[in-house]
Amino acid sequence: MADQSKKEEEEEKENPSKSISVPQAFLVHLISGLVLAISLWVAHNLYSINLVSHSSITLRLIWIVESATVILIYSRFRIDPQQCSYLKAVVRGILALPVGALVNALGAIALGAPVGIQYLPKTINWSLLMSSFTVAPAASVFGLSWTYWQRIFAQTKPNGPLEYMICIPAHGAVIGGWFGAWPMPLDWERPWQEWPVCVTYGAMTGYLVGMIVSSGFVLANGRRQRLKED
Amino acid sequence: MKLLIIVTVMISAVILQIIGLSLFVFGFFPVKPALSGVSGPESFYSDDGGDSDSVANHTQTSLPPHLLKSLYQELSGIHPSFDRLILMVIDGLPAEFVLGKDGLPPREDFREAMPYTQALLSNGMAIGYHAKAAPPTVTMPRLKAMVSGAIGGFLDVAFNFNTQAMLDDNLLGQFFRIGWKMVMLGDETWLKLFPGLFTRHDGVSSFYVKDTVQVDQNVSRHLESELNRDDWNLLILHYLGLDHVGHIGGRNSILMTPKLKEMDEVVKMIHLSTIQTRDNDQGKTLLVVVSDHGMTENGNHGGSSYEETDSLALFVGLKSDHSDYAASPCNSIYQVDIAPTLALLFDVPIPKNNVGVVISEAFDLLTDDKQLRVLELNSWQLLRLIQAQLPGLSCRNLPSHNGFTDGLASTIVECSGSMEKMLCCLYMNAVNLHSSWKSKSLSRSKSRDDYSCTVAAYHQFLKTASEWLSRRVTDKPVGLLAFGIVTMAVSSLTLLGLMICMSTEDQPGENQRLCNSITGMHRWSVNEIFLLGVMLILVMSMASSSMVEEEQYIWHFVLSTSYVLFLRKAVQPLASGSAKSLFKLMKGQTERHDIRISSIILLLISGRILRGWHQGGVNWTYLPDISKWLEQAGVNHVRSIQLASGLLVISLSMCALYLFGSRRKITRLFGLCFLICGLLVLWHLYHNNAFVSTSYDAAIQTQIIYAILGIATIGTFVALPWFIPLWFPGTCSELNVKSTSVTFDGQCIFSLVEFRDSSYLIGLAYIICWCLLQLLLQQPINSMPILLLLVQIFSSMLYFSCSGLQHIEVEVALLYYMGMTGHFALGNSNTLATIDVAGAFIGLSSHSMFLSGILMFIITYASPMLFLLSMLMYISVKCTSYLANHQDVDLGHLAKMILGFPCLVPVGLNSILLTSYTIVLVLMRNHLFVWSVFSPKYLYVCAATVCVYAGVFIVAATEIYTCWVLALRRTKQISIR
């Protein structure tokens with residue numbers, strides 16, 4: 001049994017490393033980071049709204065742009081291009097978006113996010129954004145392949161650049177959001193202490209940091225591969 | 001490591017900790033022997049005289065106010081010239097603004113802002129002082145110091161947490177007793193301190209710090225009408241605006257000058273009106289302008305820097321208008337000196353616990369003998385206080401100097417030696433000089449020289465005594481504190497070291513090593529690191545006052561995060577068993593994973609409901625929560641929820657019993673017994689509305705229930721190990737069925753099975769009893785959280801029953817954290833205000849401080865104790881895992897792992913929290929919130945320590961007793977065979 005799993009692992013290791021090259025990985029991260037920044041910029045300057053004043057609307061704008069970008073890009077790197085067309089990958093990414101949002105929302109509520117009618121739109125939009133950081137790209141790439149999901153999200157043992165690219169920013173977003181929740185109970189009386197403003201800031205920061213780290217990992221991985229090939 | 005060594009080290013560490021803690025507490029919160037009661041007529045007599053008792057006896061309480069007033073006037077013999085007092089408190093005004101600093105005049109703009117006050121000062125119509133305030137420089141303690149002359153300790157705040165009202169002897173109480181009418185305008189702190197004393201009042205809140213205008217207008221708007229009336233004797237004005245200006249913009253705020261102008265206008269208005277009333281022969285009025293504390297450059301206060309403690313005391317109208325110019329140099333006094341001065345100026349006894357010295361300039365207009373009388377009265381009062389602090393001190397025991405004859409040389413004695421002797425000697429010097437002066441004045445041979453000598457002697461005594469007394473209150477014995485902290489640190493480091501040693505040593509069992517190599521040798525899993533990190537987070541968060549106030553958020557957040565991490569861990573192993581390898585796995589194992597996942601989801605849900613039950617904390621209490629919502633819905637809903645949760649508690653515990661196996665007689669008997677107890681409690685809850693039932697019958701009923709619960713629990717504890725069936729190899733196969741999932745082959749492990757069973761049953765008995773007790777004692781709204789806590793215990797036991805033996809210390813730590821989180825979920829917080837005092841009298845027919853204290857402790861520490869008691873059940877669950885995994889029992893190993901950790905880990909974690917919080921408290925001793933936030937929290941930490949000790953003691957005692965009885969019975973049985 002151990003041998004078999006090892007073999008499987010080797011296969012999996014080889015598979016994704018073929019599918020994405022180092023410059024491509026950088027490009028993907030660059031685009032998703034830039035889109036995030038641009039959408040914030042657009043919200044702030046074109047519509048003159050921000051997270052503090054209109055958190056729901058701003059969040060909606062950001063998640064729509066970000067999830068579209070992420071699903072469209074990551075669907076190109078689906079692991080099973082033979083069985084699954086590009087369109088199908090996009091569709092499963094879109095389907096996974098609300099499911100992931102549900103998981104994220106439940107997680108947030110379990111950790112203490114406020115429950116109530118007035119918080120509902122904020123929570124929904126926030127969880128959709130979180131879903132586009134975490135679940136949507138993974139769904140586009142892996143589909144329903146349970147092994148991958150568990151390895152990446154339950155065990156955190158990614159291998160290969162593509163898995164790094166999905167795993168590390170997603171964990172970064174979640175951990176960033178977790179840290180972002182810390183100032184909420186303090187009595188500073190700042191508007192950004194409201195749910196979900198500081199959690200969103202934390203999650204976005206964590207996502208960006210995660211992308212930088214994953215770029216580093218991809219680079220290191222590429223160098224190791226090259227050394228091995230030499 | 002040997003078991004014996006571990007136990008010895010642990011016990012000695014605990015003893016060390018107790019010693020360190022008590023040393024620290026007695027050092028940090030000095031329990032000064034304050035005199036209770038109030039000063040009466042006896043304070044005008046010397047203690048030496050025999051006649052004081054007789055006078056005190058028949059006049060103490062019986063006299064009506066006006067008679068008491070005339071008695072005081074007659075006794076004191078001072079006969080002052082004032083009838084009315086206006087006490088104007090300007091919150092946060094540094095004396096520097098009015099009087100300048102180091103002999104220099106105040107700043108140009110400030111001087112120009114207060115022209116009238118400055119004119120009063122320069123004309124000699126007012127005397128101003130730098131009144132040094134004692135830390136903490138916060139309003140309420142400062143007001144107390146001004147009216148009582150005493151510097152309060154923290155514990156007297158803590159001991160009457162029920163009420164903020166001032167119970168000690170104080171000026172306002174004395175004035176009230178002689179029938180004064182009092183009016184208060186301004187900060188509502190006065191109303192909290194002296195409820196019911198004021199005939200008229202208009203309180204303003206100091207809560208809206210941004211408001212600097214309205215808050216003072218609300219005071220001044222009544223001023224004119226009050227000044228025109230003559231039905232009051234004391235008018236208190238408390239202006240908060242200047243403090244608010246400081247908080248917003250600091251000392252140099254642009255609002256400061258206008259605010260000073262406004263205050264100057266008020267002084268002018270009052271002074272002009274007092275001149276007018278005096279001219280109309282309505283009696284002379286004294287205006288005293290004081291500030292409670294100063295402020296730093298940034299406008300903060302609370303600490304002990306010069307800027308903060310430099311408060312003002314300004315007496316307007318003491319001297320006649322024609323007195324000599326520039327007679328009043330800017331002197332420095334203590335804030336507590338205000339109290340005795342005002343007391344003697346208005347002929348009331350000096351408050352009992354006063355440590356202040358009269359301001360002699362205030363009595364300059366009196367004749368010599370009256371001035372000496374003032375000093376004498378003050379000296380008697382201070383001497384009484386000193387005698388209370390140093391019992392056995394009697395100045396008459398000193399070698400008497402033959403001072404009653406004549407000549408100064410014989411009476412003055414060089415004072416030296418110990419403090420006690422010194423104080424006594426100084427007192428005797430003054431007394432002797434005074435009596436010789438008196439005898440001389442009778443024979444009309446008094447001289448100015450004698451008089452000034454006597455005054456100097458009195459002042460020397462008063463100054464020394466006052467300084468000694470106030471140092472006793474504020475000074476912390478550094479050596480004691482340091483020793484206490486070091487002792488606690490050593491003990492907690494020992495416990496920590498012991499924990500680390502045990503957890504590293506016990507891992508390399510052969511099975512575990514195998515497991516570790518399979519799972520990739522990462523012994524430090526995320527969960528462990530996180531649970532260690534939790535300690536770090538808690539310790540760090542304790543240094544911030546807002547985090548201490550809102551501690552429940554941290555616990556809930558951290559605990560639910562660790563649930564999520566455990567959920568992640570529970571999902572992990574399924575990875576290998578995905579759809580295709582499902583067949584390979586045993587069916588039982590997947591079931592186990594299902595149990596684990598579902599129990600964790602149950603934990604998450606119940607944890608979230610518990611979090612939402614009470615908002616808790618200090619700053620966000622107004623936000624909606626489930627308990628408020630239910631209370632709005634009505635009493636009937638609350639009651640039905642209470643009954644339903646009571647019913648559910650009973651049925652859940654019966655379920656737990658059934659899971660254990662209900663076939664044997666002893667189990668059935670046990671179940672029946674506790675079923676009856678539960679139904680009794682339910683019946684009682686149904687028939688008695690918790691707070692309506694103050695009747696005698698209800699108290700008796702409750703006492704009967706206490707007794708039955710106690711008998712059932714103690715009976716289970718004592719008897720169960722004697723009657724649980726012993727298990728012999730022959731009967732092995734029959735008994736295999738009886739427990740949930742023990743399937744092991746061949747070898748019967750003897751006493752472990754019985755041990756497991758009995759500790760399960762005893763643990764269950766403890767839990768049921770504790771829950772039923774809480775249902776009885778807690779507020780009805782809290783019965784649902786009790787049920788949820790029980791659900792948490794059972795579901796975590798379910799999880800732990802499937803989790804193997806790897807991380808026992810982590811699981812015990814998790815249980816401890818759950819207990820602490822539940823503490824806050826029951827509505828507790830780190831302020832003393834949330835303690836449920838009403839519940840502490842349920843079932844008590846007579847008032848007993850001790851019993852209600854115990855009940856209060858039981859109510860407050862319901863949840864930590866519940867989870868500590870559940871350790872017994874945890875031990876039994878782990879025994880089951882042990883039986884499943886190990887063929888033979890290495891008793892030493894087992895004891896270390898299964899019995900050691902549930903006792904060691906809570907004590908260790910608690911000691912870390914205690915020690916670090918002690919250090920935080922010492923670092924924060926000058927913080928603004930040291931008395932309002934950090935010290936109450938420290939009391940909670942100490943009480944939690946007591947709770948952990950009690951819980952661990954119960955667990956350990958039960959285990960040891962059970963082992964002993966089982967071993968005894970086994971040897972007997974074997975010898976019979």
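In strand 7 of chain B, B:A313 is the bridge partner of B:V290, strands here being DSSP runs of E of at least two residues and helices runs of H or I of at least four residues, both numbered from the N terminus. The model is a predicted one, in which local features need pLDDT of at least 70 and side-chain atom pairs count only at pLDDT 80 or more, whereas totals for chains, interfaces and linings use all residues. Residues are numbered from 1 along each chain as its sequence is written, and chains are lettered from A and ligands numbered from 1 in the order in which they are written.

The pairing of strand 6 of chain B with strand 7 (residues 310-316) of chain B is antiparallel and extends over four bridges; two strands are taken to pair if DSSP finds at least two bridges between them. Strands of a sheet pair through backbone hydrogen bonds, in either the parallel or the antiparallel sense. Strand 6 of chain B is also joined to strand 1 (residues 84-90) of chain B, by six bridges and in parallel. Within this pair, B:L87 stands opposite B:V288, B:M88 has B:V289 as its bridge partner, and B:V89 has B:V290.

The complete arrangement in chain B is an open sheet of eight strands with mixed pairing, in the order 4-3-5-1-6-7-2-8. Strand 4 (200-204) and strand 8 (331-334) of chain B form the edges and have a single partner strand each, so one side of each lacks a neighbour in the sheet. From one strand to the next, the twist averages 20°.

Burial was assigned from C-beta atoms placed from the backbone: a residue is buried if 20 or more other C-beta atoms lie within 10 Å of its own, exposed if 12 or fewer do, and partly exposed in between. Six of the six residues of strand 6 (residues 285-290) of chain B are buried, so this strand is largely enclosed by the rest of the structure. In a regular strand, side chains alternate between the two faces of the sheet. From strand 6 of chain B, B:T285, B:L287 and B:V289 point one way and B:L286, B:V288 and B:V290 the other, all of them buried. Seven of the seven residues of strand 1 of chain B are buried, so strand 1 is also largely enclosed by the rest of the structure. Both of its faces are covered, with B:R84, B:I86, B:M88 and B:I90 on one side and B:L85, B:L87 and B:V89 on the other.

Chain B comprises 39 helices and eight strands, and 45% of its 977 residues count as buried. Of the contacts in chain B with a separation of 6 or more, 78% are between residues 24 or more positions apart, a contact requiring C-beta atoms, placed from the backbone, within 7 Å. B:R107, in the loop between helix 4 (96-99) and helix 5 (108-113) of chain B, counts as partly exposed, with 16 C-beta neighbours inside 10 Å. B:R107 is 10 residues from B:F97 in sequence, and their C-alpha atoms are 7.1 Å apart.

The contact between the chains takes 20 residues from chain B and 17 residues from chain A. On the side of chain B that touches chain A, helix 25 (551-571) and helix 26 (587-613) of chain B are the elements that give two or more residues. Helix 25 of chain B provides the largest share, eight residues. The residues on this side of chain B divide into eight nonpolar, eight polar and four charged, where Ala, Val, Leu, Ile, Met, Phe, Trp, Tyr, Cys and Pro count as nonpolar, Asp, Glu, Lys and Arg as charged, and the others, Gly among them, as polar.

In chain A, helix 2 (residues 22-45) and helix 8 (residues 197-229) pack at an angle of about 170°, with their axes 10 Å apart. Helix 2 of chain A is therefore roughly antiparallel to helix 8 of chain A. Axes are lines fitted to C-alpha atoms, for helices over the stretch in contact, and angles run from 0 to 180 degrees between N-to-C directions; those under 35 degrees count as roughly parallel, over 145 as roughly antiparallel, 65 to 115 as roughly perpendicular and the rest as oblique. The residues of this helix contact divide into nine nonpolar, six polar and no charged.

How values were computed
Two residues are in contact if their C-beta atoms, placed from the backbone, lie within 7 Å.
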